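Me: I want to learn how to read pockets and domain contacts in a model. Can we work through one together?

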Amino acid sequence: MHFLITGGAGFLGTALANHLAAQGHQVRVLDDLSAGEPSALDARVLFTRGDVRDIPKLWSLLQGTDCVYHLAARVSVPESILYPVEYNAVNVGGTVSLMTAVRDAGVQRVILTSSGAAYGRQEQQPVREDASMRPDSPYAASKLASEYYLHSIGELWRIETVVLRIFNAYGPRQPLPPSHAPVIPRFLKQVVNGGSIVLFGGGKQTRDFVYIGDVVNALAAAATAARVNRAIINIGSGQEVSITQLVDTLERVTGYAAHRLINPEESGGVPRLVADIRLARELLGWQPHVSLTEGLQRMLQEDERFKK
Ligand SMILES: NC(=O)c1ccc[n+]([C@@H]2O[C@H](COP(=O)([O-])OP(=O)(O)OC[C@H]3O[C@@H](n4cnc5c(N)ncnc54)[C@H](O)[C@@H]3O)[C@@H](O)[C@H]2O)c1
């Protein structure tokens, strides 16, 4: 198949592009490199630098494309609170531009990487796809708005569309400070270097950490699955892990003791978030295979930045 991946030089996009290229598919990547780094892309992947809102550029890249993965986005919740206009422009504007270009290009299917963050605070856990949505940041709102635009324009122009709501993905090559760094690479680096880890809210917050290889398998399955048109599908591990349990696991995997600083104040963000992944099993025939312990071991082995 012929694929275009927007945002394909980022953390998830690089892993997806390399996986698809290794399977013999034709893969193009469009990325403005505001956060991405194309050097880790497989030599078979065709890279173009550009903005996902550049419709003429999209037209030229979409010629002969069967399926588009739309990953290009600004991805930091705290940054989105500071720059909501920018987040709306890139995340929502990018999705609308892409769907406008796709309309005239003969693409069969567009797959959007949305986020578990779009759920916001939910009493019922694990959270199901039909929960009433409570996005609590401009980032979360921009992902939910993107879902609506994707499906509504897809419906109008008869383009198949699929939304994967990805929870907390982690794995080798994830960003580290000073850029926006999610909790796992940040804590892993601190544990290996003997730095302090601050546990807000006493470390009781829970999340669903899903290994990048499992996410890539779900994305790949979504390209050919038969009954996914207009679907919204959670992609997580289905395991609820507290931040304290995460640090315990980091200690076991690295062999280092973490220096924990307890801050009873809440850090912001929802207290609990874990995915109900039954729909992914049913529609994609997918399930996660990599445990948190195994995933962290792979990060240590494969990513030089975590070697002491
Ligand atoms: N990593 C996760 O845990 C996670 C969870 C849920 C959803 N997602 C979604 O998956 C996608 C990829 O996330 P990631 O973690 O790989 O982030 P990332 O920042 O590594 O990748 C995003 C890529 O988009 C590019 N980009 C940004 N603005 C662009 C623009 N205007 N035009 C073209 N390219 C642009 C960046 O340069 C970057 O390479 C995002 O849509 C994100 O919302 C990620």
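This is a predicted model: local features need pLDDT of at least 70, side-chain atom pairs count only at pLDDT 80 or more; totals for chains, interfaces and linings use all residues.

Me: Which residues line the second largest pocket?

Reply: Phe11, Ala15, Pro172, Arg173, Tyr211, Ile212, Gly213, Val216, Glu302 and Asp303. Helix H1 (11-22) and helix H7 (212-224) are the elements that each give two or more residues to this lining. H7 gives the most, with 3 residues.

Me: How much space lies in the second largest pocket?

Reply: About 170 Å³.

Me: Now the domains. What does the domain assignment give?

Reply: Domain 1 covers 2-170 + 210-237 + 277-284, and domain 2 covers 183-206 + 239-274 + 290-306. Taken over C-alpha atoms, their centres are separated by 27 Å. The contact takes 15 residues from domain 1 and 15 residues from domain 2.

Me: How do I read the size of the interface?

Reply: Interface size is often given as the accessible area lost when the parts come together. Here domain 1 and domain 2 bury about 1,300 Å² between them. Carbon and sulfur atoms carry 60% of that area.

Me: Which residues in domain 1 lose the most area to domain 2?

Reply: Gln125, Tyr170 and Tyr211. Together they make up 50% of what the domain 1 side buries.

Me: How many salt bridges are counted between domain 1 and domain 2?

Reply: The count is 0.

Technical notes
Residues are numbered from 1 along each chain as its sequence is written. Side-chain values use heavy atoms; hydrogens and water are left out. On a 1 Å grid over the protein atoms alone, a cavity is a set of points where a 1.4 Å probe fits but cannot get out, and a pocket is an open set with protein on both sides within 12 Å along at least five of seven lines; lining residues have an atom within 4 Å of a point. Grid points are joined across faces, edges and corners, and a volume is the space filled by probe spheres set on the points. Helices (H or I, at least four residues) and strands (E, at least two) are DSSP runs, numbered from the N terminus. Domain bounds come from an automatic or database domain assignment. Contact means heavy atoms within 4.5 Å. Buried area is the accessible area (1.4 Å probe) that two parts lose on being put together, summed over both. A salt bridge is a side-chain nitrogen of Lys or Arg within 4 Å of a carboxyl oxygen of Asp or Glu.
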